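Hi everyone, thanks for making time. I'd like to walk you through a few local features of one model, starting with the ligand and then turning to the backbone.

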Amino acid sequence: MSSVASGTPGPTPQGAPAPGPGAAPRLELRGMTVDFGATRALADVSGSIGAGEIVGLLGHNGAGKSTLFNVLAGVVRATGGSFLLDGDEVPSGITPRQVAELGIAILHQEPALASNLSVVENLWLAQPAQRGSDRRALAERALQRVGADLDLDLPVASLSLGQRQLVGLARGLLGRDMRILLLDEPTAALGKHETDALHRLIRRFSADGVTVIYVSHRLPDILSVCERIMILSAGRLVADEPARAFTPQRLARTLAPEMVAAERTEGVAGEVALEVEYGAERLAFRRGEVVGLFGMAAGEQFRLIERLFGMHGRARYTLLGSEREVTGPLQAMRNGVHLVPADREREGLVSGLSAAENVFLPWYGSGRRGWWIDGRSGSASYDTARSALRIVGPAPTEPIDEFSGGNRQKHLLARWMFAERPEVLFLAQPTQGVDVGAKADIARAVRALARSGTAVIVASAESDEIAGLCDRAYVLVGDRATEIARTDAFDEHLLDTLLRLADDATSLHTEGIPS
Ligand SMILES: Nc1ncnc2c1ncn2[C@@H]1O[C@H](COP(=O)(O)OP(=O)(O)OP(=O)(O)O)[C@@H](O)[C@H]1O
């Protein structure tokens, strides 16, 4: 078997050639095994994927999906086994740059771009030097292939997340053939429009012969574009079936068989914990309730909770009957108001510190708890949080980096839910980017916290997330808020109201503008 590390395929921007009859699979995994110390992250995974196939790769948090991507991307070296690309074995010490030259591209949720540099500068960042005119022409061609009509000289900081992802993708296409595209939760922070555009692009790549492996916890996304589904569980490949064999329900059950739909006990609303003016409305949140704030992607609901947490200067509200003015997050925390941000990978977790330290970090200097926090009481609350959220992974004293993505996210929830019991807890998209089992774990923990007397407020742009967690909701568009009660058609009712309010807002803005 020949090695392909030195034999980089020639640049053919039209995509990989169609395989001939009897051709080797595009990707073949042979007994792939990865150990991190005592943790076996991948256990003897074998399988093959053809050119142009779109495969959904699913599994619980910690199942091994990122580890598999990291091996294919040259970031992690397998402990055992190997993989072959179009029949050629890829040497185990291959570097990320060599992997890119072989035509394996990876798209992360937030591509690593230099935001102060232009589109073209980012495309050529860390690539071998080329003459000026070629660089622009190749950059333009790569952007065309991903359907991004962008000015090459725009600073990347001015682009939307969807556009930044396309730049990240185009970078993998500069003058070379893409053979495999790995998608790592690409739509977790995208709106519907950008998600649909990305899915169209994936189908086009597939028609050109590019093999796509798609990791997402959004099961409807997976079922709408993938032809085949592979499921990892505790590092083993446990299912490999055509996507048409699954309905969303069957897929959810296969992924988390132990999970009966998270039982959503009714909240028992107590005294009003928080009252706030919103436009002409007064929104009230009671102890024991879980209330949704629903709106557009990156909409008002997120700005409102950030404002109330003191992140945008002064904010006023009534907390447990008394008027308060907060000027910053530390003061909000002292009042017992906590916030879990949506971007849990980037905001707040400190690489290199232990899992337990990450949970207690903001409390060290808060004045509510002091230096003694990591003594006996600290570890007791860590244990409570770990079991309430069903966190799995290494010991609490190990670095947070050694936990899987979903279990890292749970640590950030633990910080704001359990290190101190909040009076008011704001959660931004708390179940985004975690698997169905973890969604149920989070829902259970949120309900338990509400039962203990906290007013929980969930801001989201996903109606099913609100419907899965909340007792009632407010739909926010512009400065208008409409309250929606929980009914059997809660989910649809939320969406209909959002569309109606958004339509009203658009017609208000366009009134008087000549067509
Ligand atoms: N650098 C590391 N050091 C030690 N253990 C690790 C490391 N990276 C991952 N692991 C462990 O390997 C296992 C698989 O993790 P991996 O990140 O591949 O899961 P995943 O399926 O991508 O999960 P998620 O959906 O939560 O991102 C987990 O038990 C995790 O704790």
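I'll take the ligand surroundings, then some backbone angles, and finish with a helix. Please keep in mind that this is a predicted model.

So, which residues come nearest to the ligand? Of the 20 residues around it, those are Phe36, Asn61, Ser66, Gly405 and Gly406.

Now to the backbone. As a reminder, most residues other than glycine have a negative phi. Strand S2, which spans residues 39–49, holds Asp44, and the phi of Asp44 is near 55°. The other one is Gln429, not a glycine either, with a positive phi of about 40°. You'll find Gln429 in the loop between strand S17 (424–428) and helix H14 (436–451).

Are these two buried or exposed, or something in between? Asp44 has 15 C-beta neighbours inside 10 Å, so it counts as partly exposed. Gln429 has 21 C-beta neighbours inside 10 Å, and therefore counts as buried, the cut-off for that being 20 or more.

Last stop, helix H9, residues 300–308. Its buried residues are Glu300, Gln301, Phe302, Leu304, Ile305 and Leu308. Just after H9 comes Gly310, where phi is positive again, at about 80°.

That's my tour, and I'm happy to take questions.

Technical notes
Residues numbered from 1 in each chain as written. Predicted model: local features only at pLDDT ≥ 70, side-chain atom pairs only at ≥ 80, totals over all residues. Buried ≥ 20, exposed ≤ 12 C-beta atoms within 10 Å, placed from the backbone. Helix = DSSP H or I, 4+ residues; strand = E, 2+ residues; numbered from the N terminus. Near = placed C-beta within 6 Å.
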